[in-house]
Amino acid sequence: MPHRSRLSILLLDLPPEHHAASSAFWAGATGRRDSPDPADEKWASLGSFADGWHVEIQRTGQGTPPRWHVDIETDDIPAEVARLESIGAKRHRDMGSFWQMTDPAGLVFCVVGIQTGEEFDRYAVTWP
């Protein structure tokens, strides 16, 4: 059964000691306001950029290093995880509703359900 996926979100993972300064920096660098998620204090968004590419800010736990990671959104998480494993990815951590994985170099990324709605429909790739 075919499924669809797309590289859709760049996340800035920022521990508390870096969160305010880095959020302000990236808002200024992009010319966007960081819009906090009213339902979750750990999240803010810089919005949608070219081709529906989103940049999100995530407050991580104390002592975690600042980093970037990307999300691949899909309409079938198990199928996408299997597809990515077949080309070299490794499962890192089952997060319950999504998978944290690593690419062949060890870079972390996540496979998540659809996050961007109409942008997913417009830009997703269909896989056999």
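## Close-up views of a predicted model

**Figure 1. The whole chain at a glance.** A compact globule of 128 residues would have a radius of gyration near 14 Å, and the protein chain agrees with its 15 Å (the radius is taken over C-alpha atoms, and the globule rule is 2.2 Å times the number of residues to the power 0.38). What you see is a predicted model, in which local features need pLDDT of at least 70 and side-chain atom pairs count only at pLDDT 80 or more, while totals for chains, interfaces and linings use all residues. Residues are numbered from 1 along each chain as its sequence is written, and side-chain values use heavy atoms, with hydrogens and water left out. Along the principal axes, the C-alpha atoms fill a box of roughly 45 × 30 × 25 Å. The protein chain has 3 helices and 9 strands, where helices (H or I, at least four residues) and strands (E, at least two) are DSSP runs numbered from the N terminus. Read from the N terminus, the order of elements is β-α-β-β-β-β-α-β-β-β-α-β. Of the 128 residues, 38% are buried; here buried means under 20% relative accessible area, exposed over 50%, and partly exposed in between, with a 1.4 Å probe and protein chains only. Among contacts (heavy atoms within 4.5 Å) between residues at least 6 apart in sequence, 62% join residues at least 24 apart.

**Figure 2. Three aromatic rings in a cluster.** Ring pairs link Phe25, Trp26 and Trp68. Rings of Phe, Tyr and Trp (its six-membered ring) count as a pair if their centres lie within 6.5 Å; planes under 30 degrees apart are stacked, over 60 edge-to-face, and the rest tilted. The structure holds 2 such aromatic pairs. In one, the ring centres of phenylalanine 25 and tryptophan 26 are 4.9 Å apart and the planes stand at 85°, so the pair is edge-to-face. Tryptophan 26 also pairs edge-to-face with tryptophan 68, at 5.2 Å centre to centre and 70° between the planes. Because tryptophan 26 belongs to helix α1 (residues 16–30) and tryptophan 68 to strand β5, this pair ties together parts that are 42 residues apart in sequence. Tryptophan 26 is partly exposed at 28% relative accessibility, and tryptophan 68 is partly exposed at 48%.

**Figure 3. The two sides of helix α2.** Helix α2 spans residues 77–86, and its buried residues are Ile77, Glu80, Val81, Arg83 and Leu84. These residues cover an arc of only 160° around the axis, which puts them on the same side of α2 (the arc is that of the directions from the helix axis to the C-beta atoms). Their packing partners are β1 (3–14), β5, β6 (90–94), β7 (99–102), β8 (108–112) and β9 (125–127). On the face turned away from the buried side, look for the exposed residues Pro78 and Ser86. At the start of α2, a side-chain oxygen of aspartate 76 comes within 3.1 Å of the backbone nitrogen of alanine 79. After α2 comes glycine 88, with a positive phi near 120°.

**Figure 4. Threonine 74 in strand β5.** Threonine 74 sits in β5 (residues 67–74) and is buried, at 2% relative accessible area. What does its side chain reach? The side chain of threonine 74 lies 2.7 Å from the backbone oxygen of arginine 4 and 3.1 Å from the backbone nitrogen of aspartate 76. Leaving out residues up to four places away in sequence, threonine 74 touches several others, including His3, Glu80, Val111 and Phe120.

**Figure 5. Serine 45 in strand β3.** Serine 45 lies in β3 (residues 40–48) and counts as buried at 19% relative accessibility. Its side chain makes a polar contact with the side chain of glutamate 56 at 3.0 Å. A polar contact is a pair of N or O atoms within 3.5 Å; within protein, one must be able to donate a hydrogen and the other to accept it, and residues adjacent in sequence count only if both atoms are side-chain atoms. The side chain of serine 45 also reaches the backbone nitrogen of glycine 47 at 2.9 Å. The C-alpha atoms of serine 45 and isoleucine 57 are 5.9 Å apart, although the two residues are 12 apart along the chain.
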